Amino acid sequence: MNDFAQSPSLTLLPAVDVAGGKAVRLTQGEAGTETSYGDPLDAAGEWVSQGAQWIHLVDLDAAFGRGSNAPILRKVIKQFKHVNVELSGGIRDDATLEAALESGATRINLGTAALENPEWAADVIGRYGEAIAVGLDVRGTTLAARGWTKEGGDLWEVLDRLEDAGCSRYVVTDVTKDGTLRGPNLELLREVASRTPKPVVASGGISNLDDIAALRELVPLGIEGAIVGKALYAGAFTLAEALDVAGD
């Protein structure tokens, strides 16, 4: 146990996914599977009060191309200025990217745009560096785009392209695990980490504290952090307990 206590820490990013102005969770990223958890400000405030250093903030309506929660997201970022925010959802062109950067978010997570518009993504990565992460949402080794409703190409081909562009960080989600509480896809994460020297943030499937411990063991391989969603909202453990296991 002492060896584990001295191992490098895993950064945890509790998720606040926003749809229709409410904090929600989806199952396997599917529209229509939302479970509502109330005011996004309250949700973020709960995680901050338990020690969160990061919040993973997602505009699901923008991701699905059915609207925007931008004013609410800005309010959350403003309210918790001392906390880092990774912002995701519907950032697909210069206008939406500039608005996201101006919101005060620490890092912007590109998804669909990096798959559908590689030239633009490469330009943005070149311009903004560390402020840009790319989300790789995967079923098997096929990427999912447009709120996970369309296929987005082969994972390894896209990863090679993003490496060439100088991408600074990847957020890897196994779509089949997300919101299911069935455990993270450790094999996928190991494989991605073996193909890039850049840090990787894991997302999807965390169900208990053992999952967080297992992810922490991958930190020396390049798994920098993990996004935690449904398990926190379902009360499987507290964020304070998770941060303790993560050493964060």
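Helices (H or I, at least four residues) and strands (E, at least two) are DSSP runs, numbered from the N terminus. The model on screen is predicted, and for that reason local features need pLDDT of at least 70 and side-chain atom pairs count only at pLDDT 80 or more, while totals for chains, interfaces and linings use all residues. Residues are numbered from 1 along each chain as its sequence is written, and side-chain values use heavy atoms, with hydrogens and water left out.

**Stop one: a strand residue**

Select S203, which sits in strand β11, the run of residues 200-203. With a relative accessibility of 12%, S203 counts as buried (buried means under 20% relative accessible area, exposed over 50%, and partly exposed in between, with a 1.4 Å probe and protein chains only).

**Stop two: the aromatic residues**

Next, select Y37, W47 and Y233, which form one aromatic cluster. Rings of Phe, Tyr and Trp (its six-membered ring) pair if their centres lie within 6.5 Å, and planes under 30 degrees apart count as stacked, over 60 as edge-to-face and the rest as tilted. A search of the whole structure gives two aromatic pairs. In one, the ring centres of Y37 and Y233 are 4.6 Å apart and the planes stand at 45°, so the pair is tilted. Y37 belongs to the loop between β3 (35-36) and α2 (40-49), and Y233 to helix α11 (residues 230-233), so this pair ties together parts that are 196 residues apart in sequence. Y37 is partly exposed at 29% relative accessibility, whereas Y233, at 13%, is buried. W47 and Y233 form an edge-to-face pair, 5.3 Å from centre to centre with 90° between the planes; this pair links helix α2, which holds W47, to helix α11, which holds Y233, across 186 residues.

**Stop three: two packed helices**

Finally, select residues 155-165 (helix α8) and 186-195 (helix α9), which pack at an angle of about 35° with their axes 11 Å apart. Axes are lines fitted to C-alpha atoms, for helices over the stretch in contact, and angles run from 0 to 180 degrees between N-to-C directions. To see the contact (heavy atoms within 4.5 Å), show L155, W156, L159 and E163 of α8 with L188, E191, V192 and R195 of α9.
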